[in-house]
Amino acid sequence: MSASILRHDWTLDEVRALFALPFNDLIFRAQSVHREHFDPNRVQVSTLLSIKTGACPEDCKYCPQSGHYDTGLDKQKLMEVEKVLQAAAEAKSIGSSRFCMGAAWKHPSDKDFPYVLKMVEGVKALGLETCMTLGRLSQEQAQALARAGLDYYNHNLDTSPEFYGNIITTRTYAERLQTLAYVRDAGMKICSGGILGMGESLDDRAGLLIQLANLPEHPESVPINMLVKVQGTPLADAEDVDPFDFIRTLAVARIMMPKSHVRLSAGREQMNEQMQALAFLAGANSIFYGERLLTTGNPQAERDMKLFQRLGIQPEERHEHDDEVHQAAIEQALIEQRESRLFYNAAAV
Ligand code: SF4
């Protein structure tokens with residue numbers, strides 16, 4: 001199907017037309033594109049650990065970690081390397097193939113950066129894919145992270161350039177694009193997406209996807225988040241997103257970025273099983289599994305696995321370990337469900 005050619009020249013009119021398709025036509029098209037590039041019954045599974053929580057100098061209006069808002073969040077300094085590695089080992093044992101580490105910083109400081117590099121090296125040595133989100137990076141920091149073995153860097157664009165100023169004033173859109181360019185130049189993969197439900201228009205959703213798809217290379221991972229409304233943040237009382245509009249956005253992302261993993265990300269706890277199944281049908285093929293997103297809830301691992309089983313979905317494996325024995329071990333671990341108290345639950349305040 002010609003719709004799945006990799007394109008970097010999407011126009012607003014074209015994307016509006018995708019959003020305007022009848023729902024069934026849009027989902028069919030997205031699922032058709034999806035099947036050209038992915039096993040439709042595999043979903044990539046990541047675990048996310050907050051390695052430094054709260055007191056962030058940025059003012060992202062959706063974020064309970066911003067130091068600008070009083071959300072009662074339990075702040076935590078940078079975790080010790082050893083504890084991070086313990087958590088990574090635990091994540092691997094319950095079936096995650098990627099370990100994502102997030103720090104609430106404007107950018108990594110010279111003091112903290114060497115520890116961050118040690119975390120990357122250690123997690124990589126465990127045989128996991130590594131991902132970090134640390135805020136803005138300099139070119140040198142991006143290169144050092146790549147040398148340490150960082151596979152992915154997460155830096156979300158959040159929304160369209162036009163709407164962005166309503167949500168964040170302490171960091172520019174251009175700075176975000178610059179960080180993404182440094183990450184790409186350093187040879188790392190990009191994880192970048194946005195959030196729905198912040199009061200943005202349909203054109204803003206289209207504008208976000210156009211920014212992502214029209215990058216010189218599509219981000220390998222595209223998280224589409226549903227706003228999690230946290231009391232104390234300026235968006236605590238934002239209007240709900242129509243669930244079908246959320247699914248439409250996933251489907252349009254799948255069509256525009258056919259080879260990217262589209263991640264059903266924050267806000268999944270608010271979705272019932274039927275909506276999650278619809279999200280997978282629309283082309284979402286990545287989730288955070290079994291633990292908490294940075295500071296908001298995530299459905300419990302057992303529920304996730306039961307849903308996978310009911311839908312006949314299996315976790316996607318890293319290629320390096322793509323042998324039947326390892327796959328069986330992972331699936332067994334997922335079924336057995338080990339409770340993972342090692343993970344820091346930033347939402348437990
Ligand atoms: S989203 Fe990230 S940069 Fe923005 S306030 Fe939260 S932790 Fe800081």
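**Exercise 1. Two helices**

At roughly what angle do the axes of helix α1 and helix α8 cross?

Solution. This is a predicted model: local features need pLDDT of at least 70, side-chain atom pairs count only at pLDDT 80 or more, and totals for chains, interfaces and linings use all residues. Residues are numbered from 1 along each chain as its sequence is written, and side-chain values use heavy atoms, with hydrogens and water left out.

Step 1. Find the helices: α1 covers residues 12–20 and α8 covers residues 202–213. Helices are DSSP runs of H or I with at least four residues, strands are E runs of at least two, and both are numbered from the N terminus.

Step 2. Take the angle. The two axes come within 10 Å and cross at roughly 120°. Axes are lines fitted to C-alpha atoms over the stretch in contact, and angles run from 0 to 180 degrees between N-to-C directions.

Step 3. List the contact (heavy atoms within 4.5 Å). α1 supplies L12, V15, R16 and F19; α8 supplies L202, D203, R205, A206, L209 and I210.

Step 4. Sort these residues: 7 are nonpolar, none polar and 3 charged. Ala, Val, Leu, Ile, Met, Phe, Trp, Tyr, Cys and Pro count as nonpolar; Asp, Glu, Lys and Arg as charged; the others, Gly among them, as polar.

**Exercise 2. Strand β3**

Which residues of β3 point one way, and which the other?

Solution. Step 1. Recall the rule: side chains in a regular strand alternate between the two faces of the sheet.

Step 2. Apply it. E129, C131 and T133 point one way from β3, while T130 and M132 point the other way.

Step 3. Check burial (under 20% relative accessible area is buried, over 50% exposed, partly exposed in between, with a 1.4 Å probe and protein chains only). In β3 (residues 129–133), 5 of the 5 residues are buried, so the strand is largely enclosed by the rest of the structure.

Step 4. Find the partners; strands pair if DSSP finds at least two bridges between them. β2 (residues 98–103) runs parallel to β3, joined by 5 bridges, and C100 stands opposite C131. β4 (residues 152–154) also pairs with β3 in the parallel sense, over 2 bridges. There, M132 stands opposite Y153.

**Exercise 3. Residue H261**

Is H261 buried or exposed?

Solution. Step 1. Locate H261: this residue is in strand β8 (residues 261–264).

Step 2. Read the accessibility. H261 counts as buried because its relative accessibility is 12%.

Step 3. Look at the neighbours. Leaving out residues up to four places away in sequence, H261 touches residues including F38, E220, R254 and E316.
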